[in-house]
Structures are given as structure tokens and as C-alpha cells.
Amino acid sequence: MDGSSKEDEEESTFTNISLADDIDHSSRIVYPRLKSLLPKMMNADMDVDAENQVELEEKTRLINQVLELQHTLEDLSARVDAVKEENLKLKSENQVLGQYIENLMSASSVFQTTDTKSKRK
């Protein structure tokens with residue numbers, strides 16, 4: 001059984017060494033490369049996310065500004081319409097008042113031409 005124990009020890013030692021070599025080998029070559037690329041990949045993702053966030057905030061700001069300008073334009077259009085309507089009313093009232101004043105002047109003797117005074121002289 002001593003022989004089998006030695007063989008078992010050798011196999012387990014060989015197997016352990018073999019696995020250890022594989023782990024060490026992979027950790028020396030693959031993992032350091034991944035370690036060095038990971039911060040770059042994360043920074044790139046963070047830069048893209050930051051750029052996307054900035055773009056999104058800028059788009060949101062512009063959309064809000066456009067909406068505010070649209071509301072302002074609607075308010076100004078409504079105000080222009082109200083002023084036009086008021087202007088038409090005032091023109092109509094002025095015509096009525098002008099006609100009324102002309103009628104008063106024609107009916108009043110103060111505004112009549114006095115041909116009789118010139119005839120007396």
C-alpha cells in the first residue's frame with residue numbers, strides 16, 4: 001500500500017501543481033489584461049452615459065424653452081386679436097360720434113353761416 005500511497009500523492013501533487021499552474025497562468029496573463037481594460041471600459045461607459053445625460057438635459061431644456069415660447073406666442077396672438085376687436089369697436093364708435101357731431105352742428109344756429117349779417121351791411 002505504500003506504493004499506492006506514493007502514486008496517490010504524486011497524482012494529487014501533480015494535479016494540484018497542474019491546476020495551480022493553470023490558475024497562476026490565467027491570473028498572470030488574462031486577468032491583468034482584463035484589469036487594465038476594465039477601468040477604460042468603465043470610463044468609456046461613464047463618458048458615454050455622461051454625454052447622453054448632458055444631451056438629454058440639453059434636449060429637455062430646449063423642449064421646455066420651445067413650449068414656453070409657444071405659450072408666449074399664443075398669448076400674444078390672443079392679445080393681438082383682442083386689440084384688433086377693440087380697434088374695430090372704437091372705429092365704429094368714432095363714426096357714430098362723428099355723425100352725431102355733424103348732425104348737432106347742422107342743427108345748431110351757432111354753426112350756421114350767417115348770410116343775413118352780411119346782407120345788413
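Predicted model: local features only at pLDDT ≥ 70, side-chain atom pairs only at ≥ 80, totals over all residues.
View 1. At 45% relative accessibility, Lys89 counts as partly exposed, and Glu85 gets the same label with 48% (buried is under 20% relative accessible area, exposed is over 50%, and partly exposed sits in between, using a 1.4 Å probe and protein chains only). Their side chains meet in a salt bridge at 3.8 Å, N to O (a side-chain nitrogen of Lys or Arg within 4 Å of a carboxyl oxygen of Asp or Glu). Residues are numbered from 1 along each chain as its sequence is written, and side-chain values use heavy atoms, with hydrogens and water left out.

**View 2. The Glu58 and Arg61 salt bridge.** Here the N to O distance is 2.7 Å. Both residues belong to helix H1 and sit three residues apart, about one turn of the helix. Glu58 is partly exposed at 36% relative accessible area, and Arg61 is partly exposed too, at 44%. The salt bridge count comes to two.

**View 3. A nonpolar patch around Tyr100.** Tyr100, Ile101, Leu104, Met105, Val110 and Phe111 make a surface patch of about 640 Å². Patch residues have over 30% relative accessible area and no salt bridge; like charges are joined within 9 Å, and nonpolar side chains (Val, Leu, Ile, Met, Phe, Trp, Tyr) within 5 Å. Tyr100 itself lies in helix H1, which covers residues 2-107.

**View 4. The annotated stretch, residues 59-93.** An unreviewed UniProt entry places a "coiled-coil region" here. In the model the span is 100% helix and 0% strand, with its end C-alpha atoms 51 Å apart. The chain has two helices and zero strands (DSSP runs: H or I of at least four residues for helices, E of at least two for strands, numbered from the N terminus).

**View 5. Residues 10-30, where pLDDT stays under 50.** pLDDT is the predictor's confidence in each residue, from 0 to 100. The model has three contacts beyond four places in sequence for this stretch (contact means heavy atoms within 4.5 Å). The chain averages 75, and 55% of the residues score at least 70.

Terms used
UniProt positions renumbered as here; feature names shortened; annotations may be inferred. Areas by Shrake-Rupley, 256 points an atom, 1.4 Å probe, with all protein chains shown as cover.
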